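Subject: The structure I promised you

Hi,

Here is the structure we talked about. Have a look at it first, and then read on for what turned up.

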Amino acid sequence: MHRKLLEAEPYPPSEDTFFLADHIKHEKGESALDIGSGSGYLSSILKESFSLVIGTDILFNVLKKRNYYTENIICCSGADVINHQFDLIVCNMPYLNTDDISDVRTDGGKSGLEIPMKIINSAKSCIKPGGKFIYVTSSLSDFKKLISYTKLAGFDVSILAKKKLFFEELILVQGIRLLS
Ligand SMILES: C[S@@+](CC[C@H](N)C(=O)[O-])C[C@H]1O[C@@H](n2cnc3c(N)ncnc32)[C@H](O)[C@@H]1O
């Protein structure tokens with residue numbers, strides 16, 4: 001991994017973080033997973049209404065430097081090392097449309113889809129049937145393709161909200177895991 005990333009600071013809570021936070025603060029259940037937890041901002045909100053909250057991030061250094069206290073954190077890609085089914089999984093996706101992944105915190109790869117698809121694949125078996133996966137994506141990525149991909153992965157998908165910013169539109173997607 002690039003040296004700069006080994007020293008990276010957590011992604012600071014931003015418009016996309018607050019957009020997701022506003023919608024998850026009313027969710028309740030036993031367990032929740034925050035994929036790409038970064039600063040820990042979303043995990044700390046989930047802690048208010050879930051007994052077990054786990055955060056994962058691919059960057060070890062970012063987890064070490066997290067600014068919000070979170071008890072259970074794991075350094076891995078998506079939910080790759082987790083063997084548990086959650087009521088809720090949330091993710092503020094790295095969604096930028098980029099030729100390569102030079103900043104893991106924000107770059108989604110081609111069409112902004114490579115990393116989000118990897119995360120969806122990794123997350124799908126870790127959600128209880130009937131449980132929710134709520135993620136943020138953007139008009140800067142091919143979000144329609146990502147929604148189709150989420151449906152194919154076994155979710156009943158809806159768009160919960162959209163928010164126009166100066167140069168993009170944020171899109172909040174909810175997938176309810178179908179009974180398999
Ligand atoms: C846009 S930031 C969101 C950070 C924080 N959740 C928030 O909302 O402010 C995306 C985070 O995902 C992490 N990430 C990128 N690829 C990942 C992967 N494959 N698995 C887990 N985390 C990943 C990044 O290191 C970064 O912390």
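Let's start in the strands: D34 stands opposite G55 in β2. The strands β1 and β2 run parallel and are joined by six bridges. Before you go further, keep in mind that this is a predicted model.

Now zoom out to the sheet. It is an open one made of seven strands, and the order is β3-β2-β1-β4-β7-β9-β8, with mixed pairing. At the edges you'll find β3 (72-75) and β8 (155-164), each of which pairs on one side only. From one strand to the next, the twist averages 15°.

Next, the helices that go with the sheet. Helix α2 (residues 15-24) lies across β4, β7, β8 and β9 (169-177), and it runs at about 40° to β9. Helix α5 packs on the sheet too, where it touches β1, β4 and β7, and its direction makes about 170° with that of β7.

Which residues of α5 are buried? They are I115, P116, I119, I120 and A123. These residues sit on the same side of α5, because they cover an arc of only 140° around the axis. The partners that the buried residues of α5 pack against are β1 (29-35), β4 (86-92), β6, β7 (127-138) and α6 (143-152).

S111 lies in the loop between β6 (107-109) and α5 (114-123). Its phi is positive, about 60°, although S111 is not a glycine. For background, most residues other than glycine have a negative phi. Is S111 buried, exposed or partly exposed? It is partly exposed, because 17 other C-beta atoms lie within 10 Å.

Compare another serine, S102, in the loop between β5 (96-97) and β6. S102 is exposed, because it has 11 other C-beta atoms within 10 Å. S102 and E71 are 31 residues apart in sequence, and C-alpha to C-alpha they are 29 Å apart in space.

Finally, the ligand. It is surrounded by 25 residues, and the closest are Y11, T17, G36, G38 and N92. The elements giving two or more residues to this shell are α3 (41-46), β2 (50-57) and α5. Helix α5 gives the most, with three residues. By class, the shell around the ligand has 12 nonpolar, 10 polar and three charged residues.

Cheers

Technical notes: Residues numbered from 1 in each chain as written. Predicted model: local features only at pLDDT ≥ 70, side-chain atom pairs only at ≥ 80, totals over all residues. Helix = DSSP H or I, 4+ residues; strand = E, 2+ residues; numbered from the N terminus. Buried ≥ 20, exposed ≤ 12 C-beta atoms within 10 Å, placed from the backbone. Near = placed C-beta within 6 Å. Nonpolar A, V, L, I, M, F, W, Y, C, P; charged D, E, K, R; others polar. Arc of directions from axis to C-beta. Contact = placed C-beta atoms within 7 Å. Pairing = 2+ DSSP bridges. Axes fitted to C-alpha atoms, helices over the stretch in contact; angles between N-to-C directions.
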